[in-house]
Amino acid sequence: MSSPARWVPFRREAGPKPPPPARGIRMKRAGTTWWGKRWVEALERMAPDDAGRLARGRTYARAGRTHDLEVKPGLVVARVTGSQPKPYKVILTLARLDDATWAKAIAAMAKRAKFAAELLAGRMPDDIDSAFQNAGASLFPERPEDLTTACSCPDWVNPCKHVAATHYVLGEALDKDPFLLFELRGRTRAQVIEALRAARAGAAPGKRTGAGKATPCDKDAPPIATVTLAKMAARDFDAWREPPPALDVALEPPAARAALLTQLGEPPGWGEERSPAELLGPLIRAASERAREIAMAEGAPPSTAVRHAAIVKSRNDPGS
């Protein structure tokens, strides 16, 4: 009978620490968005009394010691080069939401146009978690069982600095692409967008395939209406049959701020600590608001509706 296994304290071998690999992911700053911050807070809740270990994890993340990061539904796998020649393997597991929960969350999101607008712009709506809470869940890891971690290093403390480094690197990745959080919960970006569009249109996702080809699900759909054009003289082709309605143009603020800058991310060679969206977003917002003020100010040129009404009047009353 073999003797019971005993834990042997880990002793670092003498010599310099291996340098970070060239393919290492160098984190600049994690948690720059509210959703990225929520992800970082999940790690800090796991180690509320070990700020030093988390700080060492951030140092590893900034140095580029995390590499070969792979994100799958419910699973994150990465390698971290530490004090030993062989990198450590880190695994983060996030509980996947079941189909029923996703269906309820999608239905709740579809009721609000703001959610679709911001998600299509690459942003996470501020109150999106309310849609998941209505389904009895949360998009973010809230409970200890929502997020489990493992590392091949001999450190018995969880989270170790290698887990922390991976968590911070993923937090920065989530800042740039919030759809990674959906993927961790079991749905890809394409699946979420398709389901959201279908729910807003009142149809089940996936009913049509290809260039409008109907599937057997559409056999009871009403026939497509056709239009038959009557004979018309050439001189009457561009004549108004009846006065068109006046156009009412409203200039509204955008649903998502700096959406294009957020989608483009940081250009090559960007050296600022803040992202382009953080740095230039307020300037673009101020310019946009000033342009709207000028357009809506009294004494401005006639609106599109007024000009359109004048054109209609001149067509219908040549003597005016």
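This is a predicted model: local features need pLDDT of at least 70, side-chain atom pairs count only at pLDDT 80 or more; totals for chains, interfaces and linings use all residues.

Is Phe182 buried or exposed? Phe182 has a relative accessibility of 0%, so Phe182 counts as buried.

**Aromatic side chains**

- Six aromatic pairs turn up when the whole structure is searched.
- One of them joins Trp102 and Phe182 in an edge-to-face arrangement, with 5.8 Å from centre to centre and 65° between the planes.
- This pair links distant parts of the chain, since Trp102 belongs to helix H3 (residues 99-110) and Phe182 to helix H7 (residues 179-184), 80 residues apart.
- Trp102 has a relative accessible area of 2% and is therefore buried, the cut-off being under 20%.
- A single aromatic cluster is formed by Trp102, Phe132, Phe179 and Phe182.

**Crossing of H2 and H6**

- Two packed helices are described by the distance between their axes and the angle between those axes.
- For helix H2 (residues 51-63) and helix H6 (residues 161-176), the axes come within 7 Å and cross at roughly 55°.
- H2 and H6 are therefore oblique to each other.
- The crossing in which H2 passes H6 is right-handed.
- On the H2 side, the contact involves Arg53, Leu54, Arg56, Gly57, Arg58, Tyr60 and Ala61; on the H6 side, Lys161, His162, Ala164, Ala165, Tyr168 and Val169 take part.
- By residue class, the contact of H2 with H6 consists of seven nonpolar, four charged and two polar residues.

Technical notes: Residues are numbered from 1 along each chain as its sequence is written. Side-chain values use heavy atoms; hydrogens and water are left out. Axes are lines fitted to C-alpha atoms, for helices over the stretch in contact, and angles run from 0 to 180 degrees between N-to-C directions. Helices (H or I, at least four residues) and strands (E, at least two) are DSSP runs, numbered from the N terminus. Angles under 35 degrees count as roughly parallel, over 145 as roughly antiparallel, 65 to 115 as roughly perpendicular and the rest as oblique. A crossing is left-handed if the near helix is turned anticlockwise from the far one by less than a right angle, and right-handed if clockwise. Contact means heavy atoms within 4.5 Å. Ala, Val, Leu, Ile, Met, Phe, Trp, Tyr, Cys and Pro count as nonpolar, Asp, Glu, Lys and Arg as charged, and the others, Gly among them, as polar. Rings of Phe, Tyr and Trp (its six-membered ring) pair if their centres lie within 6.5 Å; planes under 30 degrees apart count as stacked, over 60 as edge-to-face and the rest as tilted. Buried means under 20% relative accessible area, exposed over 50%, partly exposed in between (1.4 Å probe, protein chains only).
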